[in-house]
Amino acid sequence: MADIKEIQDRIKSVNDTMKITNAMYMIASNKLRKARKMLEETEPYFYAARGMLDRVMRHLPDDSKDPFLNQHEDKDPKDVIRGYIVITDDKGLAGAYNHNVLKLAEEHIRQDGDNWKLYVIGEIGRQYFLRKNIPVDEEFHYTAQNPTLSRARWISSMVLEPYLAGELDEVNIIYTAMKNSLVCETHFEKLLPLERPKNNDEMLKMAGITTPLEEFLMLPSPEAVLDNIVPSLVTGYIYGAMVEAFCSVQNSRMMAMDTANDNAKQMIHELSIQYNRQRQARITQEITEIAAGARALKRAHELQAKMREANLQALKQQQ
């Protein structure tokens, strides 16, 4: 069993750790408020762009050959080259946030054989794939902690260029979205190519309307409209995913730090009980030793008194 000094040192260490976790909780809380504000400002644009794309897709001619449409339907799935944008964080201490994203990304990579390319946001993801000897085509530093529209445009250009050049057949994104204040879900979304609605019912469901009658003109051509809308939509989707991921990691970190604080308080409680028991045992031992010493001293005094009496009696007899 640990002695009192060791228990005191452990209590001090846990208290010091709890100060750090409390500070990290407060920092994550402030960043979460900032991230939620960014998300609220981003969502109207994203939903409007998505709605516009749905309207365009409903009215595309059947013979349209735009490169953003699925032109690889007859291609063997094993030969399809897929690009994955994987959004992780630059730091840990966020529970299972990074683990869930990386696990999902690795599952898709294994299914694709060698026909894939990785575009990693976040230092945790970069280090993970480096340890696994999984090649990363592009890595974006200092983006996970500071999502901006300019960085989203840069990432979008890095994936659109090989897609339009025929080096990629699909572009997918893996990120974490905050479902509520307690639950964060890992999402897998296909950004490109765009999928045509298969039938009238699906078109109406996309539109959210009850009648198919809608006049919609695309000038100068449907392809020109798509070429202008899709890059902006991809940029907006990447930016929205980055902001969602930023919200999720701050929420996950808050929950992790809150759990760490609770565990630290429980540890301090248990260590305090152990410390009090050890202290009480030491006090009891000291009292026992003092009492034993007092009894031994009393016996010594009594023995000395008897010896003095015996000496006095011996002197009297000699006289």
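Which residue just after H4 takes a positive phi? Just after H4, that residue is glycine 166, whose phi is about 85 degrees.

## Basis of the model

The structure is a predicted model, in which local features need pLDDT of at least 70 and side-chain atom pairs count only at pLDDT 80 or more, whereas totals for chains, interfaces and linings use all residues. Residues are numbered from 1 along each chain as its sequence is written, and side-chain values use heavy atoms, with hydrogens and water left out.

## Overall architecture

The protein holds six helices and five strands, where helices (H or I, at least four residues) and strands (E, at least two) are DSSP runs numbered from the N terminus. Along the sequence these elements follow the pattern α-β-α-β-α-β-α-β-β-α-α.

Of the 319 residues of the protein, 38% count as buried; buried means under 20% relative accessible area, exposed over 50%, and partly exposed in between, with a 1.4 Å probe and protein chains only. Among contacts (heavy atoms within 4.5 Å) with a separation of 6 or more, 76% join residues 24 or more positions apart.

## Nonpolar cores

A nonpolar core is a set of buried Ala, Val, Leu, Ile, Met, Phe, Trp, Tyr and Cys residues joined through side-chain atoms within 4.5 Å. The largest such core has 53 residues, of which Ile85, Ile87, Ile173, Leu191, Leu192, Leu194 and Ile238 touch the most other members. At least two residues of this core are supplied by each of helix H1 (4-58), strand S1 (82-87), strand S2 (116-121), helix H4 (149-164), strand S4 (170-178), strand S5 (184-192) and helix H6 (222-318). The largest share, 17 residues, comes from H6.

Leucine 191, leaving aside residues up to four places away in sequence, touches Ile85, Val171, Asn172, Ile173, Val234, Tyr237 and Ile238.

## Helix H4 and its surroundings

H4 has 16 residues and reaches 22 Å from its first C-alpha to its last, close to the 22 Å expected at 1.5 Å a residue, the expected span being 1.5 Å times one less than the number of residues in the helix. Within H4, the residues Ala152, Ile155, Ser156, Met158, Val159, Leu160, Pro162 and Tyr163 are buried. The buried residues of H4 pack against S1, S2, strand S3 (138-140), S4, S5 and H6.

Rolling a probe the size of a water molecule over the atoms shows where empty space is left. Here a cavity is a set of points, on a 1 Å grid over the protein atoms alone, where a 1.4 Å probe fits but cannot get out, and lining residues have an atom within 4 Å of a point. Grid points are joined across faces, edges and corners, and a volume is the space filled by probe spheres set on the points. By this rule the count comes to one cavity of 30 Å³ or more, and about 50 Å³ of space lies in the largest cavity.

The lining of the largest cavity is made up of Ile87, Thr88, Asp89, Tyr97, Ile121, Thr143, Ala144, Met242, Ala245, Phe246 and Val249. These lining residues divide into eight nonpolar, two polar and one charged, with Ala, Val, Leu, Ile, Met, Phe, Trp, Tyr, Cys and Pro counted as nonpolar, Asp, Glu, Lys and Arg as charged, and the others, Gly among them, as polar. The largest share of the lining, four residues, comes from H6.

Glutamine 250 has its place in helix H6, and because its relative accessibility is 1%, glutamine 250 counts as buried. Not counting residues up to four places away in sequence, glutamine 250 touches Ala28, Lys31, Leu32 and Gln145.

## Backbone features in the loops

Leucine 93, in the loop between S1 and helix H2 (97-111), has a positive phi of about 55 degrees although it is not a glycine; at 55% relative accessibility, leucine 93 counts as exposed. Asparagine 133 lies in the loop between helix H3 (123-131) and S3, has a positive phi near 60 degrees, and is exposed, with a relative accessible area of 69%.

Leucine 194, in the loop between S5 and H5, is buried, with a relative accessible area of 8%. The C-alpha atoms of leucine 194 and proline 67 are separated by 9.3 Å, the two residues being 127 residues apart along the chain.

Terms used. On a 1 Å grid over the protein atoms alone, a cavity is a set of points where a 1.4 Å probe fits but cannot get out, and a pocket is an open set with protein on both sides within 12 Å along at least five of seven lines; lining residues have an atom within 4 Å of a point.
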